[in-house]
Amino acid sequence: MKLDARIPEGPIENKWTKHKAEIRLVNPANKRHIDVIVVGTGLAGASAAASMAEMGYNVKAFCFQDSPRRAHSIAAQGGINAAKNYQNDGDSTYRLFYDTIKGGDYRSREANVYRLAEVSASIIDQCVAQGVPFAREYGGLLDNRSFGGVQVSRTFYAKGQTGQQLLLGAYSALERQIAKGKVTMYARHEMLELVVVDGKARGIIARNLITGELERHGAHAVLLCSGGYGNVFFLSTNAMGSNVTATWRAHKKGALFANPCFTQIHPTCIPVSGELQSKLTLMSESLRNDGRIWVPAHKEDAEAIRQGKLKPTELTEDKRDYYLERRYPSFGNLVPRDVASRAAKERCDAGLGVNSTGEAVYLDFSAAIERYGKTEANIRGMQNASEKEVLKLGKDIVEAKYGNLFQMYEKITDDNPYETPMRIYPAVHYTMGGLWVDYNLMTSVPGCFALGEANFSDHGANRLGASALMQGLADGYFVAPYTVGDYLADEISTGAISTDTAAFVDAEKEAQDRIDHLLNNNGSKTVDHFHKRLGKIMWNECGMERSIEGLTKAIEDIQALRVEFYKGVRVPGKAATVNQELEKALRVADFIELGELMCRDALERNESCGGHFRAEHQTTEGEAMRDDTNFTFVSAWEFNGDPSSAKLHKEDLNYEFVEVKTRSYK
Amino acid sequence: MNLTLKIWRQSGPKDKGAMKTYPIQGVEEDMSFLEMMDMLNEQLVGEGEDPVVYDHDCREGICGSCSMYINGEAHGPGRGITTCQLHMRSFNEGDTIFIEPWRAQAFPVIKDLMVDRSSFDRIIAAGGYVSVNTSGNTLDANAIPIPKEDADKAFDAATCIGCGACVATCKNSSAMLFVSAKVSQLALLPQGQVEGSDRVLNMVHQMDLEGFGSCTNTGACEVECPKGISLENIARMNREFLGAAVSAD
């Protein structure tokens, strides 16, 4: 198989414009006879479904939640990047492009990333026109803040609820098309199979989660916007329902899976507290604008803190180690996520962790509260403000910026972060890997596209903060509506897709067989039992640090777990009703297969890059060491009957416009 | 902690349903309410019983899926939180906890604690948007300055998560807080002005069609709203509605 990314010729700044000008169009009369399926209604899915419907296609949109508004994009907190340069700090399309390539540790595709940076400004315009209430300054103009890995302020935000506001914008655009009858919405439906007819994606099999019925849906193109697969780790910041099934099923039908091991471990999450915990909660990266990260400088102090004999506020400055500021003076607390996460692990492994499990560091706002308080006192002309007054003013400012995050933290931990530093630790957050797509976002199955987190293309080995929202909306609003049309131009005479063909019958039977097997298995262990075990293997061996021994062992363990799962899982209830255990079992079965492929990919990539840190490949200072000679490529895996027999294809990455350098944030 | 749970079990929309009692042991303070429910379900699966069905997803208070009526309160004790943000430290050893679904004509029960809230989506579809197509050729985002105070108020209204606690709490099962939050958000922004009259009329019309009750200004919705959506929004919507109704052709 020859991988062709179909990147347009010419200078990077002209590629997209030229491509759009040359791309084939479908005339409005023909669009009315073309059906498009969109799976998932997060930022990518809702924006794509709305945009394709506006253009005149008949869209069928699917989500497993009870409403499209609840897709997990809703939980994104900190913001969305755009190269608007409103702050006049030297930002530009090129700089956003460059930061993203560098942040991804030179493992993403130049042309796709440049296009992302190019359309970013339009996203903000579009969202404001929809009535998205971004944060504003007193003059009425939009406010910005900074995120990790960059030295400009290009992040637009709505308090700590940016994802919510953007998704509700896309959702309302989607609802408008639903009202017009241009989108048919299938909420509480889960895609279980991709249907491929004569080599082209022609529809899906979806399970109605209320009646349990398997439904056949035909279309001329299928857009998978189903998000990432972080839940393979069981504990992650993903929603409980987030899953890999849509993309994994497409993979098993021929779509290559790219860079599956590239996982983002986010540095600032609320630490794990117990065995029965079901998920982890993110504390936005935006907090690193104002929060300082530290651990005690001395082990005995860390030990005393762990035993509850010492409070962090009692430690004087000289007994604290602000390790990010120490190690990375030019980026400080705003280094990219992979770097910050590894640094936290390094300190905790050295015995300096600050909670009972020894796996937590401090995120401290006291300096910010004091600084803001002083500025505010000056603004108000309070020359002799007392310390108490200053702190009060400072807390008000911090509350206005991050109030909902502080409240969330307090609800979960019962600690007041205005008074004592937050305790945080890295957790699985995002997956850069996903289905391989070409420049048009089409997978290796013609007619099957992947958008947003479900594809692999823009973030390389590490995603920069506030770029996921940007990519989801870029793909859905501004890229796919054009590029899918190029494919559909060949489909104008196809006519309606019949769902009575053998391919649909077979796909439905495959799904039915899986369901029957799980329900009739009569094992003795719950789905969560297996999911937790898978998560432990993945976190220990394919998490923040990976090694040849660990990965080899993990592959064996996962293979054994898979056998045990099919023998020993117990799924109660019936198929023809709401059955949440069955839903989980179907998802976990796919996670187990994916987990093995992730470990294989991590093993095969014998270098460190971005979030993929192989213990064997590090500098003396513990930084990731790339091997550009041998690994400047995208790993694209072809399914071959079993995850163990997956075949590796390589898409070489050619850096024509950016010089490949060692990434440094020092 | 050892607790007694009294949970509403209903096998389907047509089933009558009843409260059932489940003892549960070994609950920890730091567990969230839903983790306690997970624990119960693990136990039920082990015993060969059907686990309790309930909606949940993000478990961080933002998706609006979770929806339990706990001890007579939407999202249980505590203010400004959803069910998933409720922690077991709010309960005591030996407590009996009553858990029911949202109850409202416009939110029919699907199974156990899961209800159908698609009526909310249909209200948004009736006008909860600005009619702007995706083109990339809209005005520059900074072309229209918006007073910070208006933007902040619009944001506060826009933080509604559509969970339906307001409806479940209201003795009339009114959806006024939900509808007014969207009407207000758009009424406070210049982008929402053009379609303002039609929006409020159409959304209120749809709300009535769905079978939600009237508002009698008890303010219970505001108290139970996990996002603190203010009653002011209802007042603003009433003004918008009145204005639109008298000027309508």
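Trainee: What makes up the secondary structure of chain B, and how many helices and strands are there?

Mentor: Chain B has 8 helices and 7 strands. Helices are DSSP runs of H or I with at least four residues, strands are runs of E with at least two, and numbering starts at the N terminus. This is a predicted model, where local features need pLDDT of at least 70, side-chain atom pairs count only at pLDDT 80 or more, and totals for chains, interfaces and linings use all residues. Residues are numbered from 1 along each chain as its sequence is written, while chains are lettered from A and ligands numbered from 1 in the order in which they are written.

Trainee: What percentage of chain B counts as buried, and what makes a residue buried?

Mentor: The figure is 53% of the 249 residues of chain B. A residue is buried if 20 or more other C-beta atoms lie within 10 Å of its own, exposed if 12 or fewer, and partly exposed in between; the C-beta atoms are placed from the backbone.

Trainee: Where are the domains of chain B?

Mentor: Domain 1 of chain B covers 3-110 and domain 2 covers 117-247. The bounds come from an automatic or database domain assignment. The centres of the two domains, over C-alpha atoms, are 29 Å apart.

Trainee: How many residues of each domain of chain B are in that contact?

Mentor: Domain 1 of chain B gives 18 residues and domain 2 of chain B gives 17. Two residues are in contact if their C-beta atoms, placed from the backbone, lie within 7 Å.

Trainee: What about the domains of chain A?

Mentor: Domain 1 of chain A is 269-428, and domain 2 is 501-652. Their C-alpha centres lie 34 Å apart. The contact takes 6 residues from domain 1 of chain A and 5 from domain 2 of chain A. Helix H10 (residues 337-352) of chain A gives the most to the domain 1 side, with 5 residues.

Trainee: How many residues of chain A and chain B are in contact?

Mentor: 68 residues of chain A contact 66 residues of chain B. On the chain A side, H6(A) gives the most, with 9 residues. That side has 28 nonpolar, 24 polar and 16 charged residues.

Terms used: Nonpolar A, V, L, I, M, F, W, Y, C, P; charged D, E, K, R; others polar.
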